Amino acid sequence: MIKSMTGYGRARETRNSRDITVEVRAVNNRYLDCAVKMPRLYIFAEDALKQRVQRAVSRGKVDVFVTVDASAADVTQVTVNRELAAQYAAALRELAEVCGAEGYKVTPESLARFADVLTATKADEDLETVSADLCAVLDQALAAFNEMRAVEGAKLAEDIGNRLNVIEDCTAKVEARSPETVAEYRAKLTARMQEALQSVTIDPQRILTEAAIYADKVAVDEETVRLRSHVAQLRTMLESSAPMGRKMDFLIQEVNRESNTIGSKCGDVSIAQVVVDLKAEVEKMREQVQNIE
C-alpha cells in the first residue's frame with residue numbers, strides 16, 4: 001500500500017545508562033532531504049542515522065531530532081601522577097629537616113592537596129556502541145513514523161480510487177455520446193444541403209463522405225482507450241508497496257493531456273461538460289498525489 005510523505009514518529013529508550021529520545025518528522029518534498037539535529041557530543045553518529053533514514057524513506061523533507069541524557073553513563077577515572085607525587089614528598093621531607101620537625105611523615109592527604117597530583121578525567125566512550133544505541137532508538141521512531149504514513153497513505157489511496165471511478169464514468173459517457181454526435185452531424189448536414197439545394201437531388205455519397213470526415217476529426221477512441229489504460233495503471237500503483245508518487249504524478253499528467261485532447265476535438269455541449277468534470281477530478285487527484293511518497 002502506498003505511503004504519505006508526511007508523518008511523525010517518536011521513540012524513547014534507556015540504553016547503556018543513556019536516556020535517548022528520537023523524533024522523526026517529514027513533509028512533502030520532491031526528493032529526499034534529511035536533516036539531523038543532535039548534541040555536538042554525538043555528531044559522530046550523524047552519518048549512520050542518515051543512512052537509516054535513507055533506507056526507510058525514499059523522498060520528503062525529513063527532520064530527525066535526537067536528545068541524550070547521559071548523566072548516568074558518565075564514568076570518571078582518577079589517576080595519580082606518581083612522579084610528581086614523589087617529588088612533592090621529597091620536598092616535604094626536606095622542608096621538615098629545615099624546620100627541625102623530626103619524625104614528620106608525609107601523608108597521602110597532604111600530597112593530594114597539591115595541583116596535578118590527582119587528575120580526574122571522563123572515561124572514553126565506545127563510539128560504535130553509542131552509535132548503535134542511537135540507531136536502535138531511531139529505528140523504533142521510524143517504525144512509528146512509517147505506521148502513521150501508511151495510515152495516511154490508505155486514506156489517500158481511497159480518495160484517489162474514488163476519483164478514478166469518476167474518471168471511468170466520464171470516459172464511458174464520452175464513449176457513449178461520441179457516435180451520437182456523428183449521427184446528429186449527418187442529419188444536420190443533410191437538412192442544410194436539402195434546404196440549400198431544394199429541388200436538386202442530394203448525392204448520398206457526398207453526405208457519407210462529409211460525415212466520415214467529421215467522424216474522423218472528432219473521433220476520441222484512441223484517447224478514451226489511453227484513459228482507461230492510465231486508470232488501470234494508477235489502480236495497480238495504489239496497491240504497490242514501492243514508492244509510486246513520481247510515476248503517479250506523470251500518469252496523471254497524461255490523463256490531463258488526454259482530457260484536453262477530447263475537449264479540443266469535440267464541440268458537443270454535453271461532452272464539453274463531461275470534460276470539465278473530468279478535468280476537475282484530475283486536478284483534485286493531482287493535489288493528492290503530491291502527498292504520496
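1. Does Asn146 count as buried or exposed? Asn146 counts as buried because its relative accessibility is 18%, where buried means under 20% relative accessible area, exposed over 50% and partly exposed in between, with a 1.4 Å probe and protein chains only. Asn146 lies in helix H4 (residues 127-197), and it touches Lys3 and Ala56 when residues up to four places away in sequence are not counted, a contact being heavy atoms within 4.5 Å.

2. On the basis of the values: this is a predicted model, in which local features need pLDDT of at least 70 and side-chain atom pairs count only at pLDDT 80 or more, while totals for chains, interfaces and linings use all residues. Residues are numbered from 1 along each chain as its sequence is written, and side-chain values use heavy atoms, with hydrogens and water left out.

3. The protein chain has 8 helices and 6 strands, these being DSSP runs (H or I, at least four residues, for helices; E, at least two, for strands) numbered from the N terminus. Along the sequence the pattern reads β-β-β-α-β-β-α-α-β-α-α-α-α-α. Of the 293 residues, 36% count as buried, and of the contacts with a separation of 6 or more, 79% are between residues 24 or more positions apart.

4. Strand E4 (residues 60-69) is joined to strand E2 (residues 18-27) by 9 bridges in the antiparallel sense, with Thr21 opposite Thr67 in E4; two strands pair if DSSP finds at least two bridges between them. E4 also pairs with strand E3 (residues 32-37), in the parallel sense and over 6 bridges, and here Lys37 stands opposite Phe65 in E4. The chain passes from E3 through helix H1 (residues 46-56) to E4, and this β-α-β crossover is left-handed; a crossover is right-handed if, with the strands pointing away from the viewer, the path from the first strand over the helix to the second runs clockwise.

5. Leu111, placed in helix H3 (residues 108-112), is buried because its relative accessible area is 15%. Not counting residues up to four places away in sequence, Leu111 touches Ala85, Tyr88, Ala89, Leu92, Val106 and Val117. The C-alpha atoms of Leu111 and Tyr88 are separated by 6.9 Å, although the two are 23 residues apart along the chain.

6. The accessible surface of the protein chain comes to about 17,200 Å², of which 51% belongs to carbon and sulfur atoms, as given by the Shrake-Rupley method with a 1.4 Å probe, where for residues only the protein chains shown count as cover.
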